[in-house]
Amino acid sequence: MKPIKLFLAVVSIWAFAMMPTTSGFPDEAVQTRKLNRENASAFAKLALKGARKEYPNKPGDVLSSSVDVKSPKATHPAFYGCFDWHSSVHGHWMLARVLRQFPDLAEAKEIRTVLSENLTANNLKIEAQHFTHPEAKSFERPYGWNWLLKLAQELHDWDDADARKWSANLKPLEEVIANRYLEYFPKQTYPIRSGVHSNTAFGLSFAHDYSRAVGNKKLQDLIEERARSYYGKDVDAPARWEPDGADFLSPSLTESDLMRRVLSQVEFREWFHKYLPGAAKGDPLALFNPATVADRSDPQIVHLDGLNLSRAWCFRGIIASLPADDPARRVLADAAERHAAAALKHVASGDYAGEHWLASFAIYMLSTPVPE
């Protein structure tokens with residue numbers, strides 16, 4: 001390389017390294033290990049900014065006539081903010097989560113106000129009625145359903161007067177969604193293995209957590225039967241093809257994260273090492289190294305920040321489900337840390353394309369324990 005070209009290359013590398021972080025958070029808030037007061041506060045601010053923000057909005061409804069043409073808030077009075085219905089739902093889960101963990105958080109009063117405004121009995125009755133429309137049969141299936149049950153689980157046994165009221169108000173919609181699982185999944189013959197909203201494994205994961213938390217044995221049994229049927233015989237996942245350009249879920253890791261819920265530790269260890277046989281060696285590299293995010297203002301490309309966060313929580317969950325002597329644990333732990341570090345500093349990018357939803361992913365990842 002000629003001296004001038006070498007000099008310019010070195011200057012470019014130095015300039016890139018010296019670029020300020022895009023997080024907008026104080027350094028103490030960008031912690032990769034666990035949920036703490038600083039990151040809870042930082043991420044809550046993002047969710048609060050979106051919870052009442054009606055526009056821009058991406059409706060997911062099928063319109064059967066001009067009568068159905070209404071504003072987002074009129075159609076979905078509880079979950080109209082944060083760009084789309086599912087992002088609003090998991091934004092509400094995230095606010096409930098941080099309030100429950102840190103009731104004296106600086107943002108606690110505003111969080112209570114927002115949740116009380118949106119999670120009223122009347123608002124949630126309208127939301128539940130929306131699912132009775134013939135054209136709404138597939139509305140938010142299964143991604144939004146999954147997050148709705150995660151919200152219901154968070155409120156379920158929370159010893160707080162407001163939370164008990166929100167939980168009671170949510171009950172009609174919660175029951176509608178739980179019944180949708182029971183009605184639909186026996187008819188879904190094949191799983192959907194995408195890295196986006198339609199992913200079946202992710203759609204069953206939080207619903208399984210919910211079913212166990214509330215004692216819905218019928219739902220739990222269905223999910224476990226479907227998981228074994230869909231994925232029980234899977235071997236040698238084509239993980240080297242990941243990621244796709246708009247993934248926010250890893251098909252192979254999300255499937256593993258579901259199976260560690262429904263199999264015993266002995267069963268899961270055997271299944272996992274057949275499914276990802278190179279895991280102990282960090283193979284394939286594309287799965288164990290964070291995805292590159294080239295444009296955080298693009299609503300599809302920024303999905304890859306979410307992929308890095310969801311990979312991190314999957315790695316953590318898988319580690320916790322493997323025995324202490326499993327050779328893959330250290331490799332998975334290192335990968336989890338790299339993915340968390342790559343994504344957390346970009347959650348507050350300054351662009352609504354990512355800011356309207358990534359904080360929820362960050363809070364869930366940070367709420368997933370780091371195994372020893």
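Which residue forms a salt bridge with K49, and how far apart are the closest N and O atoms?

What we have here is a predicted model, where local features need pLDDT of at least 70, side-chain atom pairs count only at pLDDT 80 or more, and totals for chains, interfaces and linings use all residues. Residues are numbered from 1 along each chain as its sequence is written, and side-chain values use heavy atoms, with hydrogens and water left out.

Now, back to K49. Its partner is E355, and the closest N and O atoms are 3.1 Å apart. By salt bridge I mean a side-chain nitrogen of Lys or Arg within 4 Å of a carboxyl oxygen of Asp or Glu. K49 lies in helix α2 (residues 37-51) and E355 in helix α16 (residues 352-355), so this pair ties together parts that are 306 residues apart in sequence. When I say helix, I mean a DSSP run of H or I with at least four residues, numbered from the N terminus.

Are these two residues buried or exposed, or something in between? Buried means under 20% relative accessible area, exposed means over 50%, and partly exposed is in between, using a 1.4 Å probe and protein chains only. K49 has 48% relative accessibility, so it counts as partly exposed. E355 has a relative accessible area of 9%, so E355 is buried.

By the salt-bridge rule, the count comes to 28. Let me show you another pair: D209 and K150, whose side chains meet at 3.2 Å, N to O. This one also links distant parts of the chain, with D209 in helix α9 and K150 in helix α7 (residues 143-156), 59 residues apart. D209 is buried at 18%, and K150 is buried too, at 6%. Both residues belong to a network of salt bridges that also takes in D257, R260 and R261.

For a local example, look at K274 and E270, which form a salt bridge at 3.2 Å, N to O. They sit 4 residues apart in helix α12 (residues 265-275), so about one helical turn separates them. K274 is partly exposed at 45%, and E270 is partly exposed at 49%.

Next, let's see how two helices meet. The axes of α4 (residues 85-101) and α17 (residues 358-367) come within 9 Å and cross at roughly 45°. Those axes are lines fitted to C-alpha atoms over the stretch in contact, and angles run from 0 to 180 degrees between N-to-C directions. The two helices are therefore oblique to each other; under 35 degrees would be roughly parallel, over 145 roughly antiparallel, and 65 to 115 roughly perpendicular, with the rest called oblique.

Which residues of α4 meet α17? They are H90, G91, W93, M94, R97 and V98, and on the α17 side we find A359, S360, F361, I363, Y364 and S367. Contact here means heavy atoms within 4.5 Å.

Staying in α17, please find L366. With a relative accessible area of 3%, L366 is buried. Among the residues that L366 touches are Q31, F43, R316 and L344.

Last stop: N199, in the loop between α8 (161-184) and α9 (200-214). N199 is buried, at 2%. Leaving aside residues up to four places away in sequence, N199 touches P142, I192, R193, S194, L249, P251 and T254.
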